[in-house]
Amino acid sequence: MLIEHSTAAALTIDLGAIVENWRFLGARAGSSPPPTAACAAVVKADAYGLGLAEVAPALYQAGCREFFVALVHEGVQLRALIPPDATVYVLHGPQPGAEIECAQHTLVPVLNSPDQLQRWSNLANTRGERLPAVLQVDTGMRRLGFEARDFEALHVEAFASASLSGVEPILLMSHLVSAEDPADPINRIQLEQFQIARKRWPGLRCSLANSSGIFLGPAWHFDLLRPGAALYGVAPVPNQPNPMRPVIRLQAPIIQTRTIAPGDRVGYNHTWRASRPTRVATLSVGYADGYLRSLSNRAIVRFMGQTAPLIGRVSMDTITVDVTELPEHQLTPGAQVDLIDSAHDINQVATEAGTNAYEILTSLGPRYRRQYLAA
Ligand SMILES: *Cc1c(COP(=O)(O)O)cnc(C)c1O
């Protein structure tokens with residue numbers, strides 16, 4: 001294995017760190033009197049690019065029993081990976097025609113509109129069963145969920161009536177717009193809107209907080225936390241020390257080194273120019289691996305505890321690094337250079353790339369040699 005892939009960049013994913021992050025977030029739940037909130041795991045988009053097949057069973061082993069995916073087919077995939085006592089919620093709900101698949105795999109849809117509710121109800125009535133569902137109410141995102149007006153038209157009693165009797169709401173949820181910015185007044189407005197919706201459904205479990213929402217305070221916790229990003233090491237509160245354990249390490253091997261003269265230029269379009277004799281190392285990673293092109297002339301890499309700047313454009317399969325200050329005899333072909341590690345993590349790389357850490361994670365490509373550290 002190792003020899004076969006030795007020229008590929010390596011992505012190491014620490015399942016133990018993911019599990020610890022999940023426990024840490026769960027432990028923050030409901031500092032107010034019991035019952036405290038449960039902690040779900042959001043594992044949509046292949047567990048944010050880190051591998052659903054490895055991440056979900058590790059979290060299940062650790063005690064996680066509620067999982068969120070975005071799509072029905074992600075739910076079907078997840079069902080095959082974890083035992084049936086776990087609940088799998090589908091954030092988008094079923095598209096027309098996908099209801100049967102949803103029910104067959106015992107997925108619990110998040111119903112976002114009167115139309116989705118009616119279709120789920122029709123299926124329940126056809127099958128003569130009661131089918132569980134999540135109701136999502138829109139409190140400001142204007143993206144998914146019942147609009148306040150439609151939600152007000154729904155009544156608890158309606159679910160006892162003939163038309164909706166097959167649907168069993170088991171959770172009420174909404175999603176925060178700017179939870180990573182505690183100073184944004186929208187957080188409290190959404191909380192108030194959610195509380196109004198909640199009053200209509202006494203006794204129904206409620207869920208509002210994503211990763212950052214957990215850090216807004218216990219008022220946002222309700223009965224179920226829904227973290228995704230923070231499980232994978234994303235800082236939940238920007239500009240504050242990151243309490244989450246780093247999860248990934250990304251390394252790329254040196255292919256070749258050379259020394260260039262002052263005035264020489266490097267890479268596509270010659271965007272970098274040497275002002276001194278410069279030693280350049282070419283590494284085997286590029287934007288085809290999801291190492292974003294916007295890191296051109298902006299990222300740093302690390303080698304044996306020292307940093308080196310990325311110079312020139314990120315190419316499809318290679319990047320170039322100024323290694324003049326690094327110990328030359330160590331810089332041999334095959335030597336592994338750190339692109340992302342605990343000292344220079346996804347949050348810093350996101351800043352260098354001008355994006356957020358979510359995009360850094362979900363861009364991680366299939367070409368990496370992936371290694372998992374067991375939980
Ligand atoms: C993606 C998502 C989450 C998780 O959000 P993070 O910011 O990654 O913790 C929670 N709820 C909904 C509705 C989502 O779409």
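Visitor: What do the side chains of R276 and E325 meet in?
Guide: In this predicted model, the side chains of R276 and E325 meet in a salt bridge, with 2.7 Å from N to O.

Visitor: And which parts does that pair tie together?
Guide: R276 sits in the loop between β13 (272–273) and β14 (278–283), while E325 sits in the loop between β17 (319–322) and β18 (336–340), so the pair ties together parts that are 49 residues apart in sequence.

Visitor: Is E325 buried or exposed?
Guide: E325 is exposed, because its relative accessible area is 53% and exposed means over 50%, whereas R276, at 32%, counts as partly exposed.

Visitor: OK, new spot: what does D341 form with R302?
Guide: D341 and R302 form a salt bridge too, and their closest N and O atoms are 2.9 Å apart. D341 lies in the loop between β18 and α10 (346–353) and R302 in strand β15 (residues 300–303), so this pair links parts 39 residues apart in sequence.

Visitor: Are those two buried or exposed?
Guide: D341 is buried, with a relative accessible area of 8%, and R302 also counts as buried, at 17%, because buried means under 20%.

Visitor: Which residue does D317 form a salt bridge with?
Guide: D317 forms one with R367, the closest N and O atoms being 2.9 Å apart. Since D317 is in the loop between β16 (306–311) and β17 and R367 is in the loop between α11 (357–363) and β19 (369–373), the pair ties together parts that are 50 residues apart in sequence.

Visitor: How many salt bridges are there?
Guide: The count comes to 16 salt bridges.

Technical notes:
Residues are numbered from 1 along each chain as its sequence is written. This is a predicted model: local features need pLDDT of at least 70, side-chain atom pairs count only at pLDDT 80 or more; totals for chains, interfaces and linings use all residues. Side-chain values use heavy atoms; hydrogens and water are left out. A salt bridge is a side-chain nitrogen of Lys or Arg within 4 Å of a carboxyl oxygen of Asp or Glu. Helices (H or I, at least four residues) and strands (E, at least two) are DSSP runs, numbered from the N terminus. Buried means under 20% relative accessible area, exposed over 50%, partly exposed in between (1.4 Å probe, protein chains only).
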